[in-house]
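Here are my notes on the model you sent over. Have the sequence and the coordinates open while you read.

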Amino acid sequence: MTFSKEWEAQFAAGSHFSQYPWSDLVALVMRHANPKKYDHKVKVLELGPGVGANIPFFLDKGFEYHAIEGSETAVKYMKHKFGDNIEVIAGDFTSLIPYEENTFDLIIDRGAITCNRMYGVKKAIEKSASILKSGGMYIGIDWYSTIHPFSKYGVEVEPNTRIDIPIGTFKNTGTVHFFTEDELRSLFYKDFYIMYLEHKTYSTIIPDRESGWASYNIVAKRRK
Ligand SMILES: C[S@@+](CC[C@H](N)C(=O)[O-])C[C@H]1O[C@@H](n2cnc3c(N)ncnc32)[C@H](O)[C@@H]1O
């Protein structure tokens, strides 16, 4: 179990309430798992949806939506907002993914897997491979990279995994793992083909030149 309890405190305090679908996620899902390509209702599982910013997009496109989220507050919020249109389970996706093999067409996460220690990341990807249908897709958005300007802050608890990062969106959120390209390739090597991998960076100029961003987006297809 590598869920950081700090997330519950953040949501309980009304923070991190992202409400609108993330544009990279929308673009990559429409390019690689467009529901028009399927002859059945597409089953998607989201790992760590927060308060469900991506849910309106999936419902609008006719997906059957499922999620596992560690924060009880976030789960309550989503159940109240989306009711019976979704199934969401409260739990830690590094230890509990209570689905049978070959269940999902698509598994996604946006900035969620990257909030765990490597042990948990590996478990979540292994489990995802087993519950995806053959040829199913994993789409991971915003997995932080070692190039991120804040990747040297906080306390390193294992290679490239940090806690207590005192600044930016990482403040009071617990664990963050910063990936290398080699780590990503080896994580998906056994059970997936990597169809697409991008590294996204930007630097700010105003109000300061110290902040910025670096993360990976990955699209991987379950081997048959
Ligand atoms: C950066 S937030 C992203 C939220 C949402 N995906 C979004 O993009 O708006 C990370 C989310 O992942 C959840 N999370 C991280 N690790 C988790 C784990 N091991 N099990 C369940 N949820 C987890 C956190 O509770 C939080 O909701």
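1. Ground rules. This is a predicted model, in which local features need pLDDT of at least 70 and side-chain atom pairs count only at pLDDT 80 or more, while totals for chains, interfaces and linings use all residues. Numbering runs from 1 along each chain as its sequence is written, and side-chain values use heavy atoms, with hydrogens and water left out.

2. The 7-strand sheet. Seen in order, this open sheet reads β3-β2-β1-β4-β5-β10-β9, with mixed pairing (strands are DSSP runs of E, at least two residues, and helices runs of H or I, at least four, numbered from the N terminus; two strands pair if DSSP finds at least two bridges between them). Its edges are β3 (86–90) and β9, each pairing on one side only. Direction ignored, neighbouring strands are turned by 15° against each other on average. Within the sheet, β1 (residues 43–47) and β4 (residues 104–110) run parallel and share 3 bridges; L45 stands opposite I107 in β4.

3. The 3-strand sheet. This one is also open, ordered β6-β7-β8 and antiparallel. β6 (155–158) and β8 (176–177) are the edge strands. β7 (residues 161–163) pairs with β8 over 2 bridges, and T161 has H177 as its bridge partner there.

4. A helix pair. The axes of α5 (residues 118–131) and α6 (residues 181–189) come within 10 Å and cross at roughly 40° (axes are lines fitted to C-alpha atoms, for helices over the stretch in contact, with angles from 0 to 180 degrees between N-to-C directions). That makes α5 oblique to α6 (under 35 degrees counts as roughly parallel, over 145 as roughly antiparallel, 65 to 115 as roughly perpendicular, the rest as oblique). The crossing is right-handed (the near helix is turned clockwise from the far one by less than a right angle).

5. Backbone checks. Most residues other than glycine have a negative phi, and most peptide bonds are trans. Please look at H16, whose phi is positive at about 60°, in the loop between α1 (6–12) and α2 (23–32). Look too at the cis bond joining I206 and P207, with omega about 10°; P207 sits in the loop between β9 (192–203) and β10 (212–222).

6. The largest pocket. About 570 Å³ of space lies in it (a pocket is an open set of points on a 1 Å grid over the protein atoms alone where a 1.4 Å probe fits, with protein on both sides within 12 Å along at least five of seven lines; lining residues have an atom within 4 Å of a point; points join across faces, edges and corners, and the volume is the space filled by probe spheres set on them). Its lining has 31 residues, with W7, G48, R110, G111 and C115 nearest the centre.
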